[in-house]
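Here is a brisk report on one protein chain.

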Amino acid sequence: KISDESTNDETRLSSFEHAMRAVSLVVAAFQRQHDVEQGSRLGRKNMQCMDRLAKMQAHKRNSILKIRDSYGSNLLATNAADDYHLLRQKSSNAGSLSDTIHSIPDQVPLLICNVLVGNAAGTCFITSSHILFHTQLVPIIGGDKVHLFSIKDVELTINPPSKAMLSPLPASISLTTSISRSKVTREEVYHFIPSIGARRFAKFLEVVRDVLVENPDTLKLTERGGLIYMYDEPK
């Protein structure tokens, strides 16, 4: 009887082990399926995010290109470009630009904002390739100064707001350029406070610079309008 009970216990234990093994196999199978489905969902979500970012970048690029190429087709853009061209001819540092400045007034300003340069108030013009500052120490009476910089030649540095109690000032921007071939040593060539805020100004200029230096073939969207259709084209 003792041997029979031992045999029955071993049989029950063996059956329990088989059941546990079967359950483990089922759980492992479900886990693998869950991992595969989760990976697919994350992949699709990642592609959707990439698609939206690509559309945003394409929208920014197309907006800048449309404004840039609107000379002659839009009256406001043409008048703004003519005003900019007249000021550009007065620039005191045009010879320091590394790129060629064309004589035709086809550069349409993408942004026009007020700036404070030292004690002088002025206006800043940003085109697709240049930054121009027009300042007057004393409006109407005082002489004006015009400085022109290539977007490719300068870097922006945001300076913290002034903490002086008597004359608190918002954050300012320094334009720096390299003075050596290694581009490690840089010097400040201009300092100003934009009316739209330093961070917003710097962000806008960053977008313009990206469009200026990017390869037009880098971003290719399909006719359906997004990167998602390039990698997940339905059959």
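The secondary structure of the protein chain consists of four helices and seven strands. This is a predicted model. Read from the N terminus, the order of the elements is α-α-β-β-β-β-β-β-β-α-α.

The chain has 235 residues, and 30% of them count as buried. Its accessible surface is about 16000 Å². Carbon and sulfur atoms hold 57% of that surface. Take the contacts with a separation of 6 or more: 47% of them join residues 24 or more positions apart.

**Aromatic pairs**

A pair of aromatic rings is described by two values, the distance of the centres and the angle of the planes. The count for this model is seven aromatic pairs, with ring centres within 6.5 Å as the rule. One of them is Tyr 84 with Phe 125: the centres are 6.3 Å apart and the planes stand at 55°, so this pair is tilted. An angle over 60 degrees would be needed for edge-to-face, and one under 30 degrees for stacked.

Tyr 84 and Phe 125 link distant parts of the chain. Tyr 84 sits in helix H2 (residues 75-88), while Phe 125 belongs to strand E2 (residues 120-126). The two are 41 residues apart. Tyr 84 is buried, at 1% relative accessible area. Phe 125 is buried too, at 8%.

Phe 192 and Phe 201 form another pair. Their ring centres lie 5.3 Å apart with the planes at 70°, so the geometry is edge-to-face.

| Residue | Relative accessible area | State |
|---|---|---|
| Tyr 84 | 1% | buried |
| Phe 125 | 8% | buried |
| Phe 192 | 0% | buried |
| Phe 201 | 0% | buried |

Each value is under 20%, so each residue counts as buried.

Which residues do ring pairs link into a cluster? They are Phe 133, Phe 149, Tyr 190, Phe 192 and Phe 201.

**Val 115**

Val 115 lies in strand E1 (residues 111-117). Its relative accessibility is 5%, so Val 115 is buried. Set aside the neighbours within four places in sequence. Val 115 then contacts Ala 120, Ala 121, Gly 122, Thr 123, Cys 124, Phe 133, Phe 192, Ile 193 and Pro 194. Two of these, Phe 133 and Phe 192, also belong to the ring cluster.

How far apart are the C-alpha atoms of Val 115 and His 191? The separation is 10.0 Å, and the two residues are 76 residues apart along the chain.

Conventions. Residues numbered from 1 in each chain as written. Predicted model: local features only at pLDDT ≥ 70, side-chain atom pairs only at ≥ 80, totals over all residues. Heavy atoms only, no water. Phe/Tyr/Trp six-rings, centres within 6.5 Å; stacked < 30°, edge-to-face > 60°. Buried < 20%, exposed > 50% of the residue type's maximum accessible area, 1.4 Å probe, protein only. Contact = heavy atoms within 4.5 Å. Areas by Shrake-Rupley, 256 points an atom, 1.4 Å probe, with all protein chains shown as cover.
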